[in-house]
Amino acid sequence: MLGVYNYTVWLTYLSLLSSVTGIIVALDGTGHPFYGTLCLLLCGLFDAFDGKVARTKKTRTNLEVGFGIQIDSLSDLVAFGVLPGCIGVSILMVHNVKHGLDPNVIGMEHGWIYYIIVLALALAALVRLAYFNVTEEERQKEEGGVRRYYEGLPVTASSLIFPIVICVAYMLDCDPIDSYFPAMLLTALAFVSRIRIPKPGLKGILVMVFIGALALTYMAINGILIR
């Protein structure tokens with residue numbers, strides 16, 4: 001078959017499977033945003049270590065390296081550009097059900113604004129990933145070495161931003177709609193901005209994994225977004 005199937009790409013494949021699963025369960029019936037958020041956190045976990053796992057194989061061919069780079073970006077688009085938007089739609093569906101309304105989001109007041117924000121996040125993630133791939137290829141030719149910072153917010157930040165926003169909204173006893181969608185819009189803008197973000201090392205990655213675990217634990221204990 002076409003493609004690469006050794007252990008260097010397994011985590012990336014798992015990230016894609018997790019993101020698609022999250023989209024399906026989040027939009028199932030009248031909305032299940034908690035399970036979608038769980039899948040989003042798993043995508044972040046898989047993405048945090050896929051590159052490190054791949055680099056443990058010192059005998060990778062050019063095809064394997066290039067293939068890994070391509071599927072990483074394609075998977076990231078679904079996981080961190082599309083899934084968060086689907087979680088947002090799921091939150092709207094739950095909101096409607098709780099208020100005795102039709103779960104159809106299109107029919108709710110200002111529903112079109114929410115959809116525009118969802119589309120903006122997906123588009124910004126696409127642009128950011130494509131731009132990063134092109135500029136990284138040029139940087140490797142001119143500078144070489146390990147990248148020390150990112151230009152624009154990496155899309156993988158979605159895996160922490162949105163679970164934290166949901167947790168904070170719950171702690172403040174606020175409707176998650178009021179914070180989740182503004183956070184999506186700001187995140188979309190950060191994706192395509194020229195701000196410089198230091199690239200985290202292993203310690204930084206472990207700290208983010210710990211924060212994600214705390215967010216998941218908090219949501220599970222408090223039953224956030226579980227109807």
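The model is predicted, so local features need pLDDT of at least 70 and side-chain atom pairs count only at pLDDT 80 or more, while totals for chains, interfaces and linings use all residues. Residues are numbered from 1 along each chain as its sequence is written, and side-chain values use heavy atoms, leaving out hydrogens and water.

Let's start with helices α5 (residues 158–171) and α7 (residues 202–222), whose axes come within 10 Å and cross at roughly 40 degrees. Helices here are DSSP runs of H or I with at least four residues, and strands are E runs of at least two. The two helices are therefore oblique to each other, the class left over once angles under 35 degrees (roughly parallel), over 145 (roughly antiparallel) and 65 to 115 (roughly perpendicular) are taken out. Among the residues that meet are L160, I164 and Y170 in α5 and M208, I211 and Y218 in α7.

Next, look at S73 in helix α3 (residues 62–98). S73 counts as buried, at 10% relative accessibility; buried means under 20% relative accessible area, exposed over 50%, and partly exposed in between, with a 1.4 Å probe and protein chains only. Beyond its neighbours within four places in sequence, S73 is in contact with L129 and N133, contact meaning heavy atoms within 4.5 Å.

Finally, there are two salt bridges, each a side-chain nitrogen of Lys or Arg within 4 Å of a carboxyl oxygen of Asp or Glu. One joins K57 and E64 at 3.3 Å, N to O. The other joins E151 and R194 at 2.7 Å, N to O, linking parts of the chain 43 residues apart.

Technical notes:
Axes fitted to C-alpha atoms, helices over the stretch in contact; angles between N-to-C directions.
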